[in-house]
Protein chains: 2
Amino acid sequence: MEVTVQLPEVDTARMCHARQILDRVGDKWSIAVIHALGADTLRFTELKRTIHGISQRMLTATLRTLERDGLVRRTVHPVVPPRVDYELTELGMTLLGIVCSLMGWAVEHGDAIDEARAAYDARPAGSPTG
Amino acid sequence: MEVTVQLPEVDTARMCHARQILDRVGDKWSIAVIHALGADTLRFTELKRTIHGISQRMLTATLRTLERDGLVRRTVHPVVPPRVDYELTELGMTLLGIVCSLMGWAVEHGDAIDEARAAYDARPAGSPTG
DNA sequence: CGGGATCCGACAAGATACTG
DNA sequence: CAGTATCTTGTCGGATCCCG
């Protein structure tokens, strides 16, 4: 197989941009929130139930960050039982597309990675790479 | 209310896969290493010089993880001055493609995010979202 | 040159309790 | 219901020393 990646001019500056969004979506819960909101508009509690493992502290923090980055829109309804809706913005939806690409890659090559790990883990001590 | 979700059937299981690779490339240096090796095969010291900010501890740890996941191949040359070469595997190159997609998104929408942040930061205290 | 081991600081993140 | 504040812990990551 030959390399068809051919990154055009991906210098340090561009890679820095990649780190930017990875800092944004690379944390433990952003992806989960984006994915959950990609399906539908949800309330705080609904999000908490959907994502399961998340604490209300991290959910709040994650939502705040995503809102600040313009990826999630927060709507407060001034009703007697407080109600706050969260939904993806258009920008957030484009990011969701990227996330789906990520998922596609993970599903496609996740098996290979698993095998590689097993093989690496099975190596005695020093691998005769040369 | 109806769901206008465009993603086909992205359930929790798939999202979990996305988290897997984000755990892998989401750390501080993996992207930088993958990007550096995407251009050419490099030695340890060369990698250290290319990535600049990285310490040898993190470079070693990052390389080890990437090697274990089958993304990077490590070649030891038994010569008098020790020489170790690192290069991307075919699997690593496909991941580089994903990374490039990420970079593309970052470059394309990074400006919008910046504006959103500025707007969010300029808000008084409670935004009349509803 | 390449890398392992250890110590230590900084921050992310979980659990809990409290508020409006 | 939708958060906020505090405490504690776990992990990441840098600095340093040492080895082959």
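In the predicted model, a phosphate oxygen of DNA strand C lies 3.4 Å from an N or O atom in the side chain of A:Trp29. This is a polar contact, that is, a pair of N or O atoms within 3.5 Å; within protein, one atom must be able to donate a hydrogen and the other to accept it, and residues adjacent in sequence count only if both atoms are side-chain atoms. Because the model is predicted, local features need pLDDT of at least 70 and side-chain atom pairs count only at pLDDT 80 or more, whereas totals for chains, interfaces and linings use all residues. Residues are numbered from 1 along each chain as its sequence is written, chains are lettered from A and ligands numbered from 1 in the order in which they are written, and side-chain values use heavy atoms, with hydrogens and water left out.

Chain B also reaches the phosphates of DNA strand C. Of the atoms of DNA strand C that come within 4 Å of the protein, 66% belong to sugar and phosphate. The surface near DNA strand C receives four residues from H4(B), which gives the most. Helices (H or I, at least four residues) and strands (E, at least two) are DSSP runs, numbered from the N terminus.

Around DNA strand D there are 19 residues, of which A:Thr45, A:Arg64, A:Arg74, A:Tyr86 and B:Arg57 come nearest. Sugar and phosphate make up 65% of the atoms of DNA strand D that come within 4 Å of the protein. The side chain of A:Arg74 places an N or O atom 2.6 Å from a phosphate oxygen of DNA strand D, while B:Lys28 has a backbone N or O atom 3.1 Å from a phosphate oxygen of DNA strand D. A base is also approached: a polar side-chain atom of B:Arg57 lies 2.6 Å from a base oxygen of DNA strand D. With four residues, H4(A) gives the most to the surface near DNA strand D.

The two protein chains also meet each other. At their interface, 57 residues of chain A are in contact (heavy atoms within 4.5 Å) with 57 residues of chain B. The chains bury about 5300 Å² between them, 70% of it on carbon and sulfur atoms; buried area is the accessible area (1.4 Å probe) that two parts lose on being put together, summed over both. A:Arg68, A:Trp105 and A:Tyr120 supply 13% of the area that chain A buries against chain B, more than any other three residues.

Six residue pairs, both at pLDDT 80 or more, are in polar contact between chain A and chain B. H5(A) contributes the largest share of the side of chain A that touches chain B, 20 residues. Two salt bridges (a side-chain nitrogen of Lys or Arg within 4 Å of a carboxyl oxygen of Asp or Glu) are found across the interface. B:Asp69 forms a salt bridge with A:Arg117, in which the closest N and O atoms are 2.5 Å apart.

Terms used:
A residue is near a molecule or strand if one of its heavy atoms lies within 4 Å of it.
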